[in-house]
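Hi everyone, thanks for coming.

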Amino acid sequence: MNKDFWNRKASEWKICFLAPMDGYGDSAYRQSMKRVAPHIMCISEFYSADGLVHSKFLADSVLPHSNIEDPLIIQIFGKDPYMFARAAEIISQSKYNIAGIDVNMGCPAKKVVRSGHGSSLLINSDTAFEIISALDKATDLPISVKTRRSFDGNQNLLDFVGWLEKSGAKLITIHGRTAKQAYTWHADHTDTYELKKHVNIPVICNGDIISYDDGINKVQDLNGFMIGRASFWNPWCFIPWGYDPTLEEMLQAMEFHATKLVETKWERKGSLEIRKHLVQYLKHFPGVKAYRKELVTTESLGNSLRVIESIRKEFKNDLDKRPGLGEVTTP
Ligand SMILES: Cc1cc2nc3c(=O)[nH]c(=O)nc-3n(C[C@H](O)[C@H](O)[C@H](O)COP(=O)(O)O)c2cc1C
């Protein structure tokens, strides 16, 4: 993998990303998305640069992944350029075949901002540039940045990204909200389109994109788009031309996700974490309230799989129908 990675990717076609999402985007989640949509690029949840340096356990828990997720980008956060450089050495020298490092400069959470991490780097911009320079020197992996269009409307995005590029950033993603807006209002990509005219690195838009086709409509001259929340129950959101899965495809996706989560995080942790995912898959599916109730209290993989099998049995005549199109009605 070399520093030219993102330019080469961008020269192929618009890049479609699964957004980094803390509490969601672990290995099992990424595998579940890539199983259905192999063309997407995955970025991990964010991990503390200091944490990776101080805890071998953290590195050995979050860097391993399946080949299906390759090329995998690891996102890190922090505020100390030296710790970023050391974390980059750990990531790039590990045996886990990581393709790139993304730096979080967009998280608006109060705790994160107060610590000088995430979106506060839009204000402490000198530190942001030092972080990218330090990373660029420390590793051969391409460094990218995910940020917001500004912190509170008072920062100049063109200057900020121009300096990130000069410091060594090779791709930039802009969430079209300010950090102050958090998740309120609508994402606005106007500044991102303008930015593209002023930098030479690939530019990606993010925020409120609900499907591949929506991304293609919004991407204009940019190099790609990133989808986060729309993927929660729906790996098919990444499929071009829109795709509504059959009930059987949904049940198989749930089985795959549950099995992978337990495989990667062990029975206790995996079977608790899978609850929030499984109920999302059934969100638009009528007549399964009782099953959803069981799934939110499930405590083992065996139990989750049994509930999914019961749905399969009860709806055996509807397995090739598409719940998203209203083809399955309450039995
Ligand atoms: C639950 C959750 C966790 C998130 N965690 C991260 C994270 O770890 N790193 C990051 O850069 N952004 C994170 N984000 C922001 C998303 O990557 C994305 O920028 C945001 O959700 C807007 O995109 P969307 O409208 O497609 O969801 C998170 C968002 C959500 C909803």
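Okay, start with helix 7 (residues 125-138) and helix 8 (residues 157-167): they pack at about 25°, and their axes are 8 Å apart. Helices here are DSSP runs of H or I, at least four residues long, numbered from the N terminus. Axes are lines fitted to C-alpha atoms over the stretch in contact, and angles run from 0 to 180 degrees between N-to-C directions.

Before I go on, this is a predicted model: local features need pLDDT of at least 70, side-chain atom pairs count only at pLDDT 80 or more, and totals for chains, interfaces and linings use all residues. Residues are numbered from 1 along each chain as its sequence is written.

So helix 7 and helix 8 are roughly parallel to each other (angles under 35 degrees count as that). Who meets whom? From helix 7, Ser-125, Ala-128, Phe-129, Ile-132, Ser-133 and Asp-136 meet Phe-160, Trp-163, Leu-164 and Ser-167 in helix 8; contact is C-beta atoms, placed from the backbone, within 7 Å.

Now the ligand. There are 22 residues around it, and Ala-19, Asp-22, Phe-46, Gly-228 and Arg-229 come nearest. Near means the C-beta atom, placed from the backbone, lies within 6 Å.

Last, zoom out: the protein is split into domain 1 (5-238) and domain 2 (247-325), with bounds from an automatic or database domain assignment. Their C-alpha centres lie 30 Å apart. Domain 1 puts 10 residues into the contact and domain 2 puts in 9.

Definitions and conventions. Helix = DSSP H or I, 4+ residues; strand = E, 2+ residues; numbered from the N terminus. Parallel < 35°, antiparallel > 145°, perpendicular 65-115°, else oblique. Contact = placed C-beta atoms within 7 Å.
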